[in-house]
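Please open the model in a viewer and keep the selection tool at hand.

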Amino acid sequence: MDATKVIIDTVDRLRQRRTAPLVLELDLTEGLAEGPPADPLGAILSMRKARLADVLSGLKRARKDARVRALIVKIGTQPLGLATVQELRRAVTRFREAGKLTVAFAETFGEFGAGTVPYYLATAFERVYLQPSGDVGLTGVSMEQRFLRGALGKLGVEYQIGQRHEYKTAANTFTQDHMTEAHRESMGRITESVTEQIVAGIAEGRGLDPALVRELVDQGPFIGAEAVEAGLVDRMAYRDEVYDEVKQAAGESALLLYVGRYAKGPISGKLPHPGGQTVALVHGTGPIRLGRSGRSPLGGGGAMGSDTVCAALRAARRDEHVKAVVFRVDSPGGSYVASDAIWREVVLTRKAGKPIVVSMGDVAASGGYMVSMAADAIVAEPGTLTGSIGVFGGKAVIGGLLEKLGVSSETVGEGANAGMFSSTTAFSEAQWARVNAWLDRVYDDFVSKVAEGRGLSRERAHELAKGRVWTGADAREGGLVDELGGLEDALALARKKAGLPADAPVRSYPKLNPLERLRPADSSEDRAAALARVRIEAWGPLAHLATELGLPSYGPLMLPGSWTIR
């Protein structure tokens, strides 16, 4: 009798899961993963994070699913990039337009700290709830730059760094003690553009006049009760109260289900089948370097390896079932040579007759722009940081520091310039001339390829370059970006360019089964050659500090400084 009851209860639960109303849930307290894990360590580190692509595809399907009644999102304190937030806002808005209930809940939008971007995300929802003890840190947009010249000079460290051109301000961190006019102009316009976007989004989402929102930004941060009174928050409530309200609105029998799990469910969309036409999705995430993608077990983020990304693009290009490619780029740049190798594969994919569309994430600048610029089309969010078409290079000279520490150094070599890259002595006049010749060559090559890929004159490309960073909105005005939108928009554009139906399936490349992951690659053109690996790196979690000190990092095509919009 007991066994029969268990069987009946199990069947009833399974039936309920298939027929009960659904409330989709998204927990952002751990942030979001940009793409599929590139290596085993990445898979472990991202286990608790939802994938952005899964969230977007899940919400897209849910718009037409009558079972799905509502979406509830918990917004945490883990930083999300502005472009990622804009992608989520667009997906939520479209879900909301389908007649579904959308609710944002946060314990706080900044606990005695900035919370402008998380709050901006919340305003895309129909209802915004805040824990009674929480605050709304709507304080505006700021970008801070530190200058190390004074401190390093006291240590006996000098820098010899060249840059192309005045807006490529990475060198300023070491060679200046204040912002140059070009530096301030560039950062000022970025903060202005981002503020315009955020104010407009909050005003539309909360039904407030933009001028009033701008005034509220200057009055923030807000205590919870003040935020309710100002119309920034609907009401204060604890999690249990919010969830009870949403479940009641969806139906007493409603079930909670994470968006990521929903997206991967048995009816998660049209799956590729043998002979089916697909769109390949290739991810390029992190600083760009030669070799394979991966991350250090010592900590720090992953990197975009040219061997990995090039192999993935080749595999997609050679697959007869792939009719279009979307290349998702989220990178501040890095190695010029590695970026150029990836650029070449994008060019070859386009020449092969397969449309390739770039979807830019939070940042696709410097080398991140170089790998993107040859695509058939570039799609970016208004808040994407892009451009930075320029180069810098040089070295730190630490001979003075070593002398202060009582460290002496002697060199034996053959060749007039054998010790050229030693950090002990400065460049000679002849060596400095070679550095500048190299910088000129890289910059000219970069700008020429921008002009060719974007259909611009060499003069116009140079005016947009000079190392300047643009928001996606401004980059589109200048012709560096074709359309404003996110990953789903890029996929739709790729399907259209390839003449595929709107529901043509998407397949991540390289897509390898477990056996393929275990076997060694037969050649550099084997799909298995696109696998990432765990890399042992000297700096680990201190990589950013090492970069700030001028120690060897990822390369000369790097977005200067630390760009964080809070």
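What is the volume of the largest cavity? It is about 40 Å³. This is a predicted model, in which local features need pLDDT of at least 70 and side-chain atom pairs count only at pLDDT 80 or more, while totals for chains, interfaces and linings use all residues. Residues are numbered from 1 along each chain as its sequence is written, and side-chain values use heavy atoms, with hydrogens and water left out.

**The cavity**

Select Leu26, Leu28, Val55, Leu59, Leu71, Val73, Leu88, Val92, Leu121 and Phe125, which line the largest cavity. Helix H3 (52-62), strand E4 (68-74) and helix H4 (82-97) are the elements that each give two or more residues to this lining. The lining comprises 10 nonpolar residues, no polar and no charged ones. Over the whole structure, the search finds one cavity of 30 Å³ or more.

A cavity is a set of points, on a 1 Å grid over the protein atoms alone, where a 1.4 Å probe fits but cannot get out; lining residues have an atom within 4 Å of a point. Volume is the space filled by probe spheres set on the points, which are joined across faces, edges and corners. Nonpolar covers Ala, Val, Leu, Ile, Met, Phe, Trp, Tyr, Cys and Pro; charged covers Asp, Glu, Lys and Arg; the others, Gly among them, are polar. Helices (H or I, at least four residues) and strands (E, at least two) are DSSP runs, numbered from the N terminus.

**An aromatic pair**

Next, select Phe109 and Tyr119, an edge-to-face pair with 5.6 Å centre to centre and 85° between the planes. Rings of Phe, Tyr and Trp (its six-membered ring) pair if their centres lie within 6.5 Å; planes under 30 degrees apart are stacked, over 60 edge-to-face and the rest tilted. Phe109 is in the loop between strand E5 (101-106) and helix H5 (116-122), whereas Tyr119 is in helix H5, 10 residues apart. The structure holds four aromatic pairs.

**Backbone features**

Move to the peptide bond from Arg164 to His165, which is cis, with omega near 0°. His165 is found in the loop between strand E8 (158-164) and helix H7 (172-175). A cis peptide bond also joins Gly220 and Pro221, with omega about 5°; Pro221 lies in the loop between H9 and strand E9 (222-223).

Finally, select Ser388, in the loop between strand E19 (385-387) and strand E20 (391-397). Phi of Ser388 is near 55°, a positive value in a residue other than glycine.

Definitions and conventions: On a 1 Å grid over the protein atoms alone, a cavity is a set of points where a 1.4 Å probe fits but cannot get out, and a pocket is an open set with protein on both sides within 12 Å along at least five of seven lines; lining residues have an atom within 4 Å of a point.
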